[in-house]
Amino acid sequence: MDDTLEMLLAQDGYAQVLIELSDDAAASSAAAAEAGASLEGHFLDGGVINDRPDAGSILTSTLGVGLAAQLPIRLETSANGRVEASPKLMVFPTLGLAIGYIDRSGLDALAGNSAVARVLRAETPSLVRPVQFQLAAATAGPSWGVAKLGAPELWAQGIQGQDVLVGHIDTGVDGNHPALIGAIQDFTEFDLNGHQVMGTSARDSDDHGTHTAGTIVGRPGSHGSFGVAPRAMLLSAMVIERGDVLARILGGIEWAVNGGAQIMSVSLGIRGQSPFFQSLINKLRARNVLPVFAVGNEGAGESRFPGNYGNVLSVGASDINGAVAAFSGSQRFVDRQVPDLVGPGVDILSAIPNGNFATMSGTSMATPHIAGLAALLLSAVPNASADDLEAAIQDSCELLNGMTRPRAARGFPNAPRALALLRNRLHA
């Protein structure tokens, strides 16, 4: 068993855990829901977290300036005045996962349960924050990143991402921004307890989500052309940060998968190495969804999971001259090198809320470029699988301007070359 989980149980008497359901229990959404219902009795009431010294962490007292007004808090107050935060067990049927709080007796009761494949201590991802932010004026023409990828050459052939849905798991998106009007297929948000909030309009709790969304699907106009796939559509989920982040992220990914997303653009993760999210990534791949993750901004010798997993498309950052950014994460493992490639990630112009624009730098800026490239390719070859898209993008890469394999791995992709490789691969 995880030593940290043992420590938490000994110290606090309980811990939040992720349950990976067995193959039989996860065979269908109905089976997963049934398994979750059968397991619920082994878990603690969600309100147990309010007994902790940091109980206010999900309440307005720690939300920061303005955030309390932006994010809904739907908590029920019990008869004794305590705030109950979440159900005993939150089940994500499509993903075959569940999370909840458990004590020693509950954990022991799960041993040998046929519905449970594995129990892991819960770990909480955080946004891969940009290392640079600067308000900027809109500029005409393609942004440097879009141009360097070669996306305009595909646009000229009528390939612009049409009929492709991209999952956008971030801080939300300003659906009223001029560059994003008509680009949001659907939007959802999750409250601080991980519950989906119905009937909300597309909005951003930060600047980050609107910026990454603009890079994927920004529509061209007088503000320029910074969207790689300007006719693709987003399924955007506002999931971070604060509150029950893990529940919100899992809920957002499941929602996007159920909505038909074929590509998932995710600029979040946890520093270091852990198998915690491996079952989630495996499930996405099994459902033919291409997960595109940022490797992190911690520099050489460091990376974030799940951006450092072998079955995600892991993205680092390069600048306009083709050099790998100093902040871009990279790491060598026994069986792989991460990232898989680098994309435009320095001084990236895109949208931010309220009709404004900004440049940002980070691997979280490079990731939506690569997700947008995957959308272009899928638009051109609709029968391509996630594996096909990944192979074409990776094989199109080359090392530029002194890039080294330890820092850039395969290098920088090229959209026209990737399309030719994909068509050749599928004889399309």
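In what sense do strand β14 and β16 pair, and over how many bridges? In this predicted model, strand β14 (residues 268-271) is paired with β16 in the antiparallel sense, over 2 bridges.

Strands β7, β14 and β16 form an open sheet of 3 strands in the order β7-β14-β16, and the pairing is antiparallel. The edge strands, each of which pairs on one side only, are β7 (126-127) and β16 (304-305). In general, the strands of a sheet pair through backbone hydrogen bonds, either parallel or antiparallel. Residue I270 has F305, in β16, as its bridge partner.

F305 also takes part in a cis peptide bond, which runs from F305 to P306 with omega near 10°. P306 itself is placed in the loop between β16 and β17 (313-318). A cis peptide bond also joins V338 and P339, where omega is about 0°. In this case the proline, P339, lies in the loop between β19 (337-338) and β20 (341-344).

## The α10 and α11 helix pair

Two packed helices are described by the angle between their axes and the distance between the axes. For helix α10 (residues 363-380) and helix α11 (residues 386-395), the axes come within 10 Å and cross at roughly 115°. The crossing in which α10 passes α11 is right-handed. On the α10 side the contact involves I370, L373, A374, L377 and L378, which meet L389, A392 and I393 in α11. The residues of this contact comprise 8 nonpolar, no polar and no charged.

## Two buried loop residues

H177 is found in the loop between β9 (165-170) and β10 (184-190). Its relative accessible area is 0%, so H177 is buried. Which residues surround H177, leaving aside its neighbours within four places in sequence? H177 is in contact with A351, I352, G355, N356 and F357. For I352, the backbone oxygen lies 3.4 Å from a polar atom of the H177 side chain. H177 and P353 are 6.6 Å apart in space, C-alpha to C-alpha, although 176 residues separate them in sequence.

S225 belongs to the loop between α7 (208-217) and β12 (233-238). With a relative accessible area of 14%, S225 falls under 20% and is therefore buried. Neighbours within four places in sequence aside, S225 is in contact with G141, P142, S143, V146, W155 and P220.

Most residues other than glycine have a negative phi, and most peptide bonds are trans. D163 has a positive phi, near 70°, and N401 likewise has a positive phi, near 40°. D163 is found in the loop between α6 (151-155) and β9, while N401 lies in the loop between α11 and α12 (405-408). Why is D163 classed as exposed rather than buried? D163 is exposed because its relative accessible area, 76%, is over 50%. N401, with a relative accessible area of 59%, is exposed as well.

| Residue | Phi | Relative accessible area |
|---|---|---|
| D163 | D163: near 70° | D163: 76%, exposed |
| N401 | N401: near 40° | N401: 59%, exposed |

Note on methods: Residues numbered from 1 in each chain as written. Predicted model: local features only at pLDDT ≥ 70, side-chain atom pairs only at ≥ 80, totals over all residues. Heavy atoms only, no water. Axes fitted to C-alpha atoms, helices over the stretch in contact; angles between N-to-C directions. Helix = DSSP H or I, 4+ residues; strand = E, 2+ residues; numbered from the N terminus. Left-handed = near helix turned anticlockwise from the far one by under 90°. Contact = heavy atoms within 4.5 Å. Nonpolar A, V, L, I, M, F, W, Y, C, P; charged D, E, K, R; others polar. Pairing = 2+ DSSP bridges. Buried < 20%, exposed > 50% of the residue type's maximum accessible area, 1.4 Å probe, protein only. Polar contact = N/O pair within 3.5 Å; in protein donor to acceptor, adjacent residues only side chain to side chain.
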